[in-house]
Amino acid sequence: MKFGIFYELSVPRPWTRESERTVYNNALEQVKLADELGFDQVWAVEHHFLEEYSHCPSPELFLTACAMITKRIRVGHGIIVCVPEFNHPIKIAERTAVLDILSGGRLEVGTGRSATWTELAGFNTNPDTTKKSWDEFVRCLPKMWTSEKFAFEGEFWSMPSRTILPKVYQRPHPPMWVAVTSPGTELDGADRGLGSLGLTFGQFAEQEKRIAEYRRRIQLCNPVGEFVNDQVSTVNFLYCHEDDAIGLQRGRHMANTFNYLASQLSSVREVFPAKSYPSLGLLPQLRRQATGPEASEQAGEGLALGGPERITKALKRWESVGVDRVNFLLNTVEAIPQDDVLDSLRLFAKEVMPAFAESKVPVAGGR
Amino acid sequence: MPLFGQLDVQPIASRLAQLTDLDTPAWTLAGAEILQLAWEVADESLDLLPRAMHPAVPPYATLLVAAYPESPAGPFNLALLRLMGRAGAHPRGYVIAAVASTPDSVHALRRQWGFPAELGGITLRRYHDQVTAVVSRDSEPLIEAALINPEPISGGDVQYIHSVTLARLPEGDRSAPHLIQVDPHYTFRKAERGRLKVRRFETAVWNAKTLAPLAPIAASITTCDTDLPQIRFVMDAEVPVVKGTRKIR
């Protein structure tokens, strides 16, 4: 099992001149330490207009900064919103190639389509077409990275033959993933040979079932890229403390705060009757868990919160249900002081990581 | 923390509906036809939202126009103007105004669920290319709106957000303003979706200028079996609902 960290870059009100900068600087300090401690990936989301919850509209810039201050941690651009109003596919191909070069071939590419009305309406996007545009984008990207000349005529975008430059550093190209919140999206990924970048916290039994079906389906896939990424990644919170009770208490506060902020998002389905968003994705679960930041007694199943022993046990369970990678959210709206976050990372690396050292598997291609 | 509403409840407390008690009987409402229109509104709408609630991001309002052919109060039509927000972690529509078409329904909606119901005229008409709704009071049209170009969708594609009303609850010898959650169930028989058009909206009538449409979202119309259930939760209107919620049943 591999471990990573991921960032929403949530910024608490009141927003001062320095508050955004502090959040970004703290994140960079965490990434640098995570690299030194042996964490495998750092992921950054693309979100727009999501007040407090995520102030990370340009993950490629944040990840470039990450790459410049680290040596080996892989940088996960995820997810890129594959909707033409948000990102032109040529620009995606170009900027990911540059990031892959600058990072020395450490790029992972996550893809998705956005699930909030706040964002989709902000870009004047029709929610009915995002799944189709995502499909078009993920089929084009590997060819744009690898073909000398590329031309395309599609439903959502077209281009005459051009040489898209530069080319990615990794051969044949970086691993590709799909963000999974709504049940069934992991199967869309499996059919295309994409890794499953799960964004749902907890729930062993449901995840186990979904992972098993993903594994079955990806055996039959028609890959969009030049190799199949059959890795399953999930997200989790991390707060590790020598004192299990303190770890639980602080960790739950952080997790509940995050869930509460997430529950404020206006999902497409809440606002807009859409066939293409058949479920609310992760929001119902988060709403159930989040009765407020003070709901300290709540902690979802399998969260990496508490002392090293408890966290090891939870992660072993995730490993047993078939998860290859776990990406941790370390903080939200700076609910945990920066020094405590860094201590948590160090303790996790010292006490928990060794229990998983022997089970490491190679990254699915792209090196 | 997310923003909170800024409505000062006290100045309007005396005008609020007064519940008799919290033992409201459930109403079954079979064969309802419900038109819902949603549009984005101004940030200043925060002034209309109780302090217990968070605003939606972006802020938006809905107009719900329903025809109920059967109810314990007889057939009636209902129009609800709601400012959407969050009660803690849950999406909820705060009822700004309610118009019902019969005196009996007005009385029951006020006394049993705390709707700020007024007597008025409500028409819901279906044409080949649109479904129109007109809400009037004293024969003066207040809202004229329509769903344009209906197209069939699944009932599962429609999500109705539960309402909260602001009403006075008996507390010993006194009564005090509270938020009342009204959370109907829906069994859909038919659903359609379309663009919305708001042709008239006399916002001043409800002191709701900030609810004027800024950007349309969508419109839907469904045929469904629904209800007005027993009250399950009441909330203090002045403190965050995560701290001020009381479970009734």
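H1(A) crosses H12(A) in a right-handed sense (the near helix is turned clockwise from the far one by less than a right angle). Helices here are DSSP runs of H or I with at least four residues, strands are runs of E with at least two, and both are numbered from the N terminus. The model is predicted: local features need pLDDT of at least 70, side-chain atom pairs count only at pLDDT 80 or more, and totals for chains, interfaces and linings use all residues. Residues are numbered from 1 along each chain as its sequence is written, and chains are lettered from A in the order in which they are written.

H1(A) covers residues 19-37 and H12(A) covers residues 338-352. Their axes lie 10 Å apart, at an angle of about 15° (axes are lines fitted to C-alpha atoms over the stretch in contact, and angles run from 0 to 180 degrees between N-to-C directions). The two helices are therefore roughly parallel, the term for angles under 35 degrees. Residues of H1(A) in contact with H12(A) include A:Leu33 and A:Leu37 (contact means C-beta atoms, placed from the backbone, within 7 Å). Among their partners in H12(A) are A:Val341 and A:Leu345.

Chain A has 12 helices and 11 strands. Its C-alpha trace spans about 60 × 45 × 45 Å along the principal axes. Of its 367 residues, 54% are buried (20 or more other C-beta atoms, placed from the backbone, within 10 Å of a residue's own).

Chain A also touches chain B. The contact takes 20 residues from chain A and 23 residues from chain B. H9(A) gives the largest share of the chain A side, 3 residues.

Terms used: Contact = placed C-beta atoms within 7 Å. Buried ≥ 20, exposed ≤ 12 C-beta atoms within 10 Å, placed from the backbone. Parallel < 35°, antiparallel > 145°, perpendicular 65-115°, else oblique.
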